Amino acid sequence: MIDYDLVVVGGGPAGLAAALEAKKNGIERILILERDKYLGGILQQCIHNGFGLLYFKEELTGPEYADRFIKKLSGTNIDVKTGTMVVRINRKKEITALNSKEGLLFIKAGAVILAMGCRERTREAVRIPGDRPAGIFTAGTAQRYLNLEGYMPGKEVVILGSGDIGLIMARRMTLEGADVKAVLEIMPFSSGLMRNKVQCLDDFGIPLLLKHTISRINGKDRVESVIISKADENMSVITGTEKEIPCDTVLFSVGLIPENELSREMGLSLDKATGGPVVNELRETEVRGIFACGNVLHVHDLVDYVSEESEIAGRAAAAYIRDGLERREREIIVERAENINYIIPQKISFIDREREMIKFFMRVKRPEEDVRISIADGENKKLASYKRDLLTPGEMLVINFPEKLIKDNTEKIKMFIEKERR
Amino acid sequence: MEADVVIIGGGVVGTAIARELSKYELKIILLEKEEDVAMGSSKANSGIIHAGYNADAGTLRGKLNVRANPLFDKLCSELKVPFKRIGSLLIGFNEDDLKVLKEKKENGEKMGITGMKIVSGEDLFKLEPNLNEKARFALFAPSAGIISSYEFTIALADSAVINGVKIYLDTELIDIETENRRVLGVKTSRGFIKTGIIINAAGLFSDNIAGMAGDNSIEIKAYKGEYHLFDKKWGDYVNHIIFPVPDRKSKGILVTPTVHGNLLIGPNFYAVDDKDDLGVSSAGLEEIYQGAGKLVSGLDRRDVIASYAGLRAKTEGDDFIIGHSDLVKGLINVAGIQSPGFTASPAIAEMVVDLVREYLAREKKQELRKKDYFQSELAQRPVFTEADLDEWDELIKKDAAYGEIICRCEKISKGEIRDAIHGPVPARSLDAVKRRTRAGAGRCQGAFCAPRVLKIIAEELGLKPTEITKKGGNSRILLTETKGLLLQKGEYHDD
Ligand SMILES: Cc1cc2nc3c(=O)[nH]c(=O)nc-3n(C[C@H](O)[C@H](O)[C@H](O)COP(=O)(O)OP(=O)(O)OC[C@H]3O[C@@H](n4cnc5c(N)ncnc54)[C@H](O)[C@@H]3O)c2cc1C
């Protein structure tokens, strides 16, 4: 059994930021476990720009953003094992992993930070009928083939879902000479960032067909065509609206899900809305000393927020290891109104006289215009409110709530979004 | 090229026959038109080893099922294929159903099936807590089991190969040469093979094959069955194979755990014209979801990780056709092998050996001689998820490839994938690797591991990544290197 104060599972942006922050807060024996052969996670295949505007105040590509953290890491004594797959974690913080150099590894950790990232939803998640030929990819897999392996996975492309990776890939494949025929979105609004719709579709004349879906994929060996159809409000195909588009490739960009197999096997309860563990404001899961941050917790729109959130977890893990956390007698539950999809954290567990603000990350279910987000206590007394012009499900909403407004006897706070009265 | 016996079709029937015949002094060639074995009905089916109470005692379907069922424990341990005898429950909702259960029980007992009993009320829900609350009775048959149909078929083929059978993949039978209504040889997409005996185990296409020899007595129609496979979260939602009371056409939409810990629901039943049509339809998937909901409650479709379809090869008469062609000497038809054909396959193989023996004695005055040595066991390949961790540690120290996990969902190592690529019947495509190792069979359906598996196949076989396919034929995954399309268009940009 190898011993570490802190083990970070995952060497993407979340794991890197969390480990560095724990180090900065005085933790000495830190280990990062990463299953891929390199650090940086999914950023390494995101060779487009748009990263770092908030965190570094400059525009970077994915690999550049990752590199800033990897460089910092190399100046520290943080241990890194790449090519190492964690297969089990238990509640006693014992970790089983393996790699080809050392074989099986059994590691005992003082604290654990889960930073395994997320995976893409597949064709099956949206149940598209038809054949099962070659040429059907999730957008991220196609991105990997193109940007990391150096191969073109398709020539005539239809993209289902307006998630950011799909939009980015529409542009990327166009630049590589492919004909991207359309991006279809079943909802009446795009699910990606507005800037990606403009820069990746509009600028290249690629049509975004809202309220459309694929009703059948055709092709024996390789994709030959898709049948597209209009969809109604219930996301059901409207018969009689079918149109065939010849193509050899279909990309699915239909959302991401936190990668929580290890968390589930450990028995952590997962939030149905986020797909990630339930956490308090320091990103600690229901097992004390096990934290989660980044896309394993909830899918972020920008990596900048991942870094910020992971620093919260890194700092907290350091405090936990030094026994420097002061817990509230009673946890405060964070409740949400129907039109809010999720809120992180789901509860507040600590007393911290030094912090001024508690940061909430949330997403709405539907686009909302001219609204006020309000926070009330258990007696429905309004504590704080925030005005916003436009909220969309594709963009995370970040809110800072003053610590001072939390009283010793507060049991829950509620968030809701209402139309701004003028 | 010459062979004593040419088998057409690398499904469970063809491969089981190949293995059984490989115990004898014969030169055997098996032809399969696809790039791998187990690409027809033997790939996508329910994977049930039936107890055998369904078909009438007088039919081949009934007799061979009951004969074959007890053979699976030994066979699967020899072939290192997972098999679990978990038992089946045929569910009844009212007194009419109960009558059917009793008839089935009686029919089964007449054929010698033991251990069956009718359970009801609380006992039933003790066995299956998630059953639809309206369920009242069940016929419990302890001898029913679950298997992975393609793994079993591949293992039969591997075993045949190590015992001397030549399996030619990507090789289609195009025509049969006869003289005076006697078989002379086969014309294939890769040349002529001289032979005196052809075993027609071509599944959906066995009518065409017989027709090539001048025997037009068989007509096969394709009937589709669609499935949903659920995430492993659902693997222990039911403990048995759960059947509804069957209608006349089929055994109905069932719910069962799989040997690898997923949950499978399906199949429905409808005729299709195109014998290669494996597409799934919204209506069909809805039908199986509703059908499964009648048996168990609480399924959640959001956890479906794969949907697919299989095709049954049915004849008008509904029973298996196994025997010498009446019209052409040297042609043995094994056709119309619909359910429970998978279960029956070991008994079908034994029956075909008898037919070959009889034919050689009658027509050639030859005796079918057993080989001195038959290698019945396949070597156990290392499987990480089933291994003892200390032993796996030692394995990695000997061969580092076993330490590199390639498929994150099913936890499959590079070593396991490499073993599949170099197996007796080699895996050369992504799907072939998936069937042998489960890399890509998990919840992300290969989104993570496909690029990595593709690279390993290319490296191991010395091919370019652009040559690797999903499932043979024109199913290439990558079209060109980057910049390739631009160059084809007469452009080049390097930004
Ligand atoms: C939906 C469904 C569910 C089922 N469930 C069960 C079950 O639970 N239990 C059970 O016991 N049985 C079940 N069955 C039945 C079982 O799957 C079949 O009986 C069995 O797989 C038939 O095997 P086969 O070898 O005859 O056919 P196949 O597996 O179809 O093999 C025939 C092979 O011949 C090849 N071939 C065809 N033409 C040529 C040619 N010209 N040249 C070369 N090769 C050729 C094909 O490519 C194919 O690989 C089910 C079937 C279906 C479709």
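Predicted model: local features only at pLDDT ≥ 70, side-chain atom pairs only at ≥ 80, totals over all residues.
User: How do I read an aromatic pair here?

Analyst: Rings of Phe, Tyr and Trp (its six-membered ring) pair if their centres lie within 6.5 Å; planes under 30 degrees apart count as stacked, over 60 as edge-to-face and the rest as tilted. Over all chains, this structure holds 19 aromatic pairs. Take Y227(B) and Y308(B): their pair is tilted, at 5.5 Å centre to centre and 35° between the planes.

Analyst: Residues are numbered from 1 along each chain as its sequence is written, chains are lettered from A and ligands numbered from 1 in the order in which they are written, and side-chain values use heavy atoms, without hydrogens and water.

User: Which residues form a ring cluster in chain A?

Analyst: Y55(A), F56(A), Y65(A) and F69(A) are linked by ring pairs into a cluster.

User: Are Y227(B) and Y308(B) buried or exposed?

Analyst: Buried means under 20% relative accessible area, exposed over 50%, and partly exposed in between (1.4 Å probe, protein chains only). Y227(B) and Y308(B) are both buried. L60(A) is another case: its relative accessibility is 3%, so it counts as buried. L60(A) belongs to strand 4 (residues 60-61) of chain A. Helices (H or I, at least four residues) and strands (E, at least two) are DSSP runs, numbered from the N terminus.

User: How do I read a salt bridge?

Analyst: Side chains of opposite charge can pair when their charged atoms come close. The rule asks for a side-chain nitrogen of Lys or Arg within 4 Å of a carboxyl oxygen of Asp or Glu. The count is 68 salt bridges over all chains. In one of them, R19(B) meets E78(B) at 3.1 Å, N to O. This pair links distant parts of the chain: R19(B) is in helix 1 (residues 12-21) of chain B, and E78(B) is in helix 3 (residues 72-79) of chain B, 59 residues apart. Both R19(B) and E78(B) are buried.

User: Where do K275(B) and D207(B) lie?

Analyst: Their side chains meet in a salt bridge of 3.1 Å, N to O. K275(B) lies in the loop between strand 17 and helix 8 (282-295) of chain B, and D207(B) in helix 7 (residues 206-212) of chain B, so the pair ties together parts 68 residues apart in sequence. K275(B) is buried at 16% relative accessible area, and D207(B) is buried at 11%.

User: Which residues form the negative surface patch?

Analyst: Patches are made of residues with over 30% relative accessible area and no salt bridge: like charges are joined within 9 Å, nonpolar side chains (Val, Leu, Ile, Met, Phe, Trp, Tyr) within 5 Å. Asp and Glu count as negative. Here the patch is D388(B), D390(B), E391(B) and E394(B). E394(B) sits in helix 10 (residues 389-398) of chain B. With a relative accessible area of 52%, E394(B) is exposed.

User: What joins I344(A) and P345(A)?

Analyst: A cis peptide bond, with omega about 0°. P345(A) lies in the loop between strand 22 (340-344) and strand 23 (347-350) of chain A. In chain B, G266(B) and P267(B) are joined by a cis peptide bond too, with omega about -5°.

Notes. Areas by Shrake-Rupley, 256 points an atom, 1.4 Å probe, with all protein chains shown as cover. Charge placed at Lys NZ, Arg CZ, Asp CG, Glu CD.
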